[in-house]
Amino acid sequence: MKKCFVMVLLCCLLAAGTAFAKTGTLLVAFGTSMDSARPAIDDIEKAYKKAAGNDPVLLAFTSDIIRNKLAKEGNPVLSVNAAMNELAAQGVTDLKIQSLHIAPAEEYNQLERMVVKNITKNPGVFKTVKVGYPLLVSEKDLDAVVKVVLASLPKDRKPGDAVVLMGHGNDRGPGDLTLAATAAAFHKADPHVWLATVEGSNSFDNVLPKLKASGAKRVWLQPFMIVAGDHANNDMAGADEDSWKTMFEAAGLTVNCQISGLGRIDAIHALYVAHTKAAIDAIA
């Protein structure tokens, strides 16, 4: 009788623990303060909220500069630490954190440190914390992203027109290698498509002579970033003499710009969701 009672009590406790478990999702991006660029992040957030049902979904930006600027404008966005604390206050016990970065580079490494710092300061608050990888971490990811981006290129592009994608790049950490592999994959899939980066080794100066040697007369510029923010609007498509658009025109090319971030593409949302799910499956 006593043994039976203990078994019943144990089952009740296990059931209660399951009932009280609550899942929440935290989406983490570098951020943007440009109104025209923000929908790219908002679209991803909407996709996650639709999939989450009643489970909470919060957004955090890692950039202190962007968060401070938005706060002064009356549009605050949470930091990673504040968002984790808010989800804990809402009763979340099983936390899913999804990086909205392109590559596992400096910003993603910073996110990992932020998460570890919060967990260390607040032990036992979450039963599980699982972090989903950025967009590009495997050959499978790369194949999928190349296919998606090529399908998003302007419909007015004619045979022989060149395309140059602008990535952010990074000269600190492994991001440079990831984008070098990405550039090679795009050029293999379409010999008239190049990827260059604002930072890192694969700069505009490396791509320009190759593009001119191809014989192209017209080039399409498009950001290879989640948001089409300051880099896309100014460094890529701006009127200054050092913008990519201006420098291509100075080289005798006709230039068209498509200013839209990867976050506006539904198939990109699906890839991020798959990474979140993979993080759960790998640890559960």
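Here is a short walk through this structure, from the whole chain down to one of its sheets. Keep in mind that the model is predicted.

Let's begin with the overall picture. The chain has 284 residues, and 43% of them are buried. Along the principal axes, its C-alpha atoms fill a box of roughly 90 × 40 × 30 Å. If you look at contacts with a separation of 6 or more, 76% of them link residues 24 or more positions apart.

Now let's turn to a sheet. Four of the strands form an open, parallel sheet, in the order S2-S1-S3-S4. Strand S2 (57–61) and strand S4 (128–132) stand at the edges with a single partner strand each, so one side of each has no neighbour in the sheet. On average, neighbouring strands here are turned by 20° against each other, with direction ignored.

Strand S3, residues 94–99, pairs with S4 in the parallel sense over 5 bridges. Lys-96 stands opposite Lys-130 in S4.

Finally, which helix lies across strands S1, S2 and S3? Helix H2, made of residues 39–52, does so, and H2 runs at about 155° to S2. Strand S1 covers residues 23–29.

Methods:
Residues are numbered from 1 along each chain as its sequence is written. This is a predicted model: local features need pLDDT of at least 70, side-chain atom pairs count only at pLDDT 80 or more; totals for chains, interfaces and linings use all residues. Side-chain values use heavy atoms; hydrogens and water are left out. Buried means under 20% relative accessible area, exposed over 50%, partly exposed in between (1.4 Å probe, protein chains only). Contact means heavy atoms within 4.5 Å. Two strands pair if DSSP finds at least two bridges between them. Helices (H or I, at least four residues) and strands (E, at least two) are DSSP runs, numbered from the N terminus. Axes are lines fitted to C-alpha atoms, for helices over the stretch in contact, and angles run from 0 to 180 degrees between N-to-C directions.
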